[in-house]
Amino acid sequence: MAPSSTEHPRRRHAIDLDDFSSTEIEEILTTAESMKEVLSREIKQVPALRGRTIVNMFYEDSTRTRISFELAARALSANIVNFSARGSSVEKGESLVDTVRTLQALGADIVVIRHSQAGAPYLVARHFRGSVINAGDGRHAHPTQALLDLFTIRERLGQIHGVHVLILGDIIHSRVARSNLWGLTRMGARVTLCGPATLLGPPAYWTATWPEVRVSYHLDEVLSSADVVMALRLQKERQQAGLLPSLREYTRLYGLNPERLARLGERVLIMHPGPMNEGVEISPEAATAPNAVIEEQVTNGVAVRMALLYRLAG
Ligand code: NCD
């Protein structure tokens with residue numbers, strides 16, 4: 001059982017949501033509401049983290065997550081430095097641990113890391129005296145994405161408890177799905193995972209960790225009971241060859257297309273962490289439907305990351 005926030009009043013790292021209690025998640029979402037209010041002001045800045053240094057270490061491509069952390073740090077008046085492996089001493093063969101020691105010597109307080117290797121943030125945390133935030137590691141975890149998804153669901157539907165969330169598509173390769181499973185189940189949501197068997201694996205793979213989760217290989221059987229449909233990107237960079245017969249068949253069986261969109265009620269939220277493969281897992285009509293909150297997710301990400309940075313460094 002993961003420790004609760006009362007046993008750990010001051011959290012040091014945020015590497016996955018497995019060690020977050022529902023109380024702590026609730027507190028972060030409430031702080032994020034205040035941060036969202038700050039971001040709606042004409043001057044979108046508070047002095048909360050003045051003098052702190054945050055380093056964005058991105059070893060894998062990113063647009064929204066990197067910029068979101070950067071905006072969040074600036075809105076809290078922290079110094080933010082963007083480090084990318086390309087053009088750094090990593091190209092001269094410097095190891096991750098040496099790089100972290102260097103950043104520490106330069107005065108970094110918080111490291112935000114994205115890495116293609118699952119577990120890399122744990123290694124960094126062992127060698128860094130400050131705080132580590134995982135911005136996505138391999139297939140393992142993406143806790144700030146899950147927190148911003150929780151925030152968006154709570155803001156739109158008023159609660160998370162009892163809400164039925166259908167996570168759809170390339171689940172086996174998805175760190176977003178894994179972190180959302182921790183967050184959603186801890187907050188009392190009902191979760192169904194749906195996709196082809198090759199991108200989902202056997203039900204026991206999931207129910208061993210999350211016994212309450214349902215697994216389905218047939219979208220049209222589970223679609224109508226969802227309150228939220230979270231479509232995931234088909235992760236071509238993490239795919240082994242041969243998992244799909246064809247992209248067309250995948251889209252026909254699992255794509256969120258106009259026919260399926262019409263069968264969803266108008267209150268059903270359509271979410272996607274981005275970047276989208278439009279026309280594959282989601283059609284342009286579904287992505288821009290009035291009940292799609294995909295851009296709101298991106299907007300909310302800044303407030304949620306502010307709340308987390310504040311909690312770790314404040
Ligand atoms: C996700 C990621 O990188 O894990 N994107 C994101 O952070 N918004 C999902 C993805 O790559 O499909």
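Visitor: Between which parts of the protein does the largest pocket lie?
Guide: This is a predicted model, and every value below is computed from it. The lining of the largest pocket takes residues from both domains, so the pocket lies between them. The two are domain 1 (45–140) and domain 2 (143–297).

Visitor: How many residues of domain 1 are in contact with domain 2?
Guide: The domain assignment gives domain 1 (45–140) and domain 2 (143–297). Taken over C-alpha atoms, their centres are 28 Å apart. On the domain 2 side, 12 residues take part in the contact. On the domain 1 side, the number of residues is 12.

Visitor: Which residues are the closest to the centre of the largest pocket?
Guide: The largest pocket holds about 330 Å³ of space. Its lining is made up of 20 residues. The closest to the centre are Arg114, Arg175, Arg233, Gly274 and Pro275.

Visitor: Which elements give two or more residues to the lining of the largest pocket, and how many of its lining residues are charged?
Guide: The elements that give two or more residues are α2 and α6 (175–186). By class, the lining has 4 nonpolar and 8 polar residues. The charged residues number 8.

Visitor: What is the omega of the peptide bond that joins Gly274 and Pro275?
Guide: Gly274 and Pro275 are among the residues closest to the centre of the largest pocket. Pro275 sits in the loop between β9 (269–271) and α11 (284–287). The bond that joins Gly274 to Pro275 is a cis peptide bond, with an omega of about -5 degrees.

Visitor: Where does the largest cavity lie?
Guide: The structure holds 1 cavity of 30 Å³ or more. About 80 Å³ of space lies in the largest cavity. Both domains give residues to the lining of this cavity, so it lies between domain 1 (45–140) and domain 2 (143–297).

Visitor: Which element supplies the largest share of the lining of the largest cavity?
Guide: Residues lining the largest cavity include Arg64, Gln145, His272 and Arg305. By class, the lining divides into 4 nonpolar, 6 polar and 2 charged residues. Three helices each supply at least two residues: α2 (64–75), α5 (143–157) and α12 (294–313). The largest share, 5 residues, comes from α12.

Visitor: Which strands stand at the edges of the sheet of 4 strands?
Guide: This open sheet has the order β2-β1-β3-β4, with parallel pairing. An edge strand here has a single partner, so one side of it is left without a neighbour in the sheet. The strands in that position are β2 (79–84) and β4 (131–137). From one strand to the next, the twist averages 15 degrees, and the edge strands are again β2 and β4.

Visitor: Which residue in β4 stands opposite Val112?
Guide: Strand β3 (residues 110–115) and β4 run parallel and are joined by 5 bridges. In β4, the residue opposite Val112 is Ile133.

Visitor: At what angle does helix α4 run to β4?
Guide: Helix α3 (residues 96–105) packs on the sheet, where it touches β1 (53–58), β2 and β3. The direction of α3 makes about 160 degrees with that of β1. Helix α4 (residues 120–127) lies across β3 and β4, and its angle to β4 is about 165 degrees.

Visitor: Which strands are at the edges of the sheet of 5 strands?
Guide: The order in this open sheet is β7-β6-β5-β8-β9, and the pairing is parallel. An edge strand pairs on one side only. The edge strands are β7 (214–216) and β9.

Visitor: What is the bridge partner of Leu166 in β6?
Guide: Strand β5 (residues 164–168) pairs with strand β6 (residues 190–194) in the parallel sense. The two are linked over 5 bridges. For Leu166, the bridge partner in β6 is Thr192.

Visitor: What is the phi of Ser77?
Guide: Ser77 lies in the loop between α2 and β2. Ser77 is not a glycine, yet its phi is positive, at about 65 degrees.

Note on methods:
Residues numbered from 1 in each chain as written. Predicted model: local features only at pLDDT ≥ 70, side-chain atom pairs only at ≥ 80, totals over all residues. Heavy atoms only, no water. 1 Å grid on protein atoms, 1.4 Å probe; cavity = no way out; pocket = protein on both sides within 12 Å on 5 of 7 lines; lining within 4 Å. Points joined across faces, edges and corners; volume = space filled by probe spheres on them. Nonpolar A, V, L, I, M, F, W, Y, C, P; charged D, E, K, R; others polar. Domains from an automatic or database assignment. Pairing = 2+ DSSP bridges. Axes fitted to C-alpha atoms, helices over the stretch in contact; angles between N-to-C directions. Contact = heavy atoms within 4.5 Å.
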